[in-house]
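Please keep the sequence and the model in view while reading.

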Amino acid sequence: MNCYPRLLINLPSIKDNTDYVVKTCGRNKIKITGVTKSFCGAPPLAAEMLRGGIEVLADARIANLRLLRKSFPKAKLMLLRITMPGEAAETVAICDRSVNSELATIEQLNTLAGQAGKKHGIILMVDMGDLREGLWPDDVLAAALSVEGLPHVELIGLATNFGCFGGVLPDATNTGAFARLAMQVEEGIKRPLEVISIGGTTCLELAQSGQLHPKINDLRIGEAISVGTSASQHGAPISGMHQNGFRLLAELVEIQDKPSVPIGQIGPDAFGNIPHFADKGIMRRGVLAIGKQDTSFDLLRPIDENIEILGGSSDHMICDLTSCGEYHVGDVVEFEVGWSAMLHLMTSPYVEKEYLK
């Protein structure tokens, strides 16, 4: 018996998207770090990334990395979020490398690595203007020199991020400045860095077209591999990639003819927003057993183009079925899934996951 809501995960699409990114960026000598955070480090998906040629898996949560380490003992793992001091010991135990911006935390990692008889890789995160996280460029060289003096960690690279908090898009100017900063660090520490990394999917077009500075040799990618789109381009499909990696199935639990405008004084909804409604007369309204506790509705698109998502609550999605063919209670409605919707669906324990081979 099928359980709903259910997320169908197309593993061949993930493998194909990985192949495409690895090969197209590889022509410009850029490696791909596979970001697994949006699907909670699920081993079946991570396995497709590894099969597609990715050498390093990166995640923002230790719980996901713990799962990946158990599933792939020999894989290179990277903590993608700035290391929490409270998780420093487990970071050293599980991860080969981590991104950092605070010297006190790096010193803690050094001590713990020494106690464990390990050498832990450090990638300094640099803020090139998106204002999410990272050292300001003026402070990077001094930080690099400080890390060089620690015996149980190794400075293996620099990383920066675009298109997340501030929405700053990558271009020849800001990526070039980052590359030149990396060269200054190399000159200061008198050796080459292994990793000069930028992220995320918003950087893919520059990497594929050869517009990046040749010093940049790593790209951190998650969205393009999983759903074949770019959030910085309003979720636009990326040419040459599959967008069918994920499909949501949700069950209709009610179909009723009701007014299109609520009756009574309108106040905030369950999430504190004031809803607005167009008067379309009597409407055939379908209620689906999936809600905002499970996912965001913004990047869900009904396969049946005649269905309109009206909104919902924590437990239910309300749809307009007026212009559709015949639907019945118990029927299943299918949706295309964008990146942010997929992230929430994979995180929700109330959504069944089915892997398609």
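How many Å apart are the mean positions of the positive and negative charges of the chain? The mean positions of the 33 positive and the 42 negative charges are 8 Å apart. In this count Lys and Arg are positive and Asp and Glu negative, while His and the chain ends are not counted; each charge is placed at NZ of Lys, CZ of Arg, CG of Asp or CD of Glu.

The model is predicted, so local features need pLDDT of at least 70 and side-chain atom pairs count only at pLDDT 80 or more, whereas totals for chains, interfaces and linings use all residues. Residues are numbered from 1 along each chain as its sequence is written, and side-chain values use heavy atoms, with hydrogens and water left out.

Along the principal axes, the C-alpha atoms occupy a box of roughly 75 × 40 × 40 Å. The chain contains 10 helices and 18 strands; these are DSSP runs numbered from the N terminus, helices being H or I with at least four residues and strands E with at least two. Of its 357 residues, 48% count as buried, where buried means under 20% relative accessible area, exposed over 50% and partly exposed in between (1.4 Å probe, protein chains only). The chain exposes about 16,700 Å², of which carbon and sulfur atoms supply 52%; accessible areas come from the Shrake-Rupley method with a 1.4 Å probe, and for residues only the protein chains shown count as cover. Among contacts (heavy atoms within 4.5 Å) with a separation of 6 or more, 63% are between residues 24 or more positions apart.

H5 comprises the 14 residues 103–116 and reaches 20 Å from its first C-alpha to its last, close to the 20 Å expected at 1.5 Å a residue; the expected span is 1.5 Å times one less than the number of residues. Thr105, Ile106, Leu109, Asn110 and Ala113 of H5 are buried. They lie on the same side of H5 because they cover an arc of only 145 degrees around the axis, the arc being that of the directions from the helix axis to the C-beta atoms. The buried residues of H5 pack against helix H4 (88–94), strand E5 (97–100), E6, H6 and strand E7 (153–161). The face turned away from the buried side carries the exposed residues Ala104 and Gln115. Just after H5, glycine 117 takes a positive phi of about 70 degrees.

Not counting residues up to four places away in sequence, leucine 109 touches Thr83, Ala88, Thr91, Val92, Ser98, Asn100, His120, Ile122 and Val153.

Two residues other than glycine have a positive phi. Leucine 131, with phi near 65 degrees, is found in the loop between strand E6 (120–126) and helix H6 (137–148), and counts as exposed at 53% relative accessibility. Lysine 190, with phi near 60 degrees, is in the loop between helix H7 (172–189) and E8, and is exposed at a relative accessible area of 73%.

Finally, there are cis peptide bonds to note. The bond from tyrosine 4 to proline 5 is cis, with omega near -5 degrees, and proline 5 is in the segment before strand E1 (6–10). Glycine 199 and glycine 200 are also joined by a cis peptide bond, with omega about 0 degrees; glycine 200 is in the loop between strand E8 (195–199) and helix H8 (204–209).
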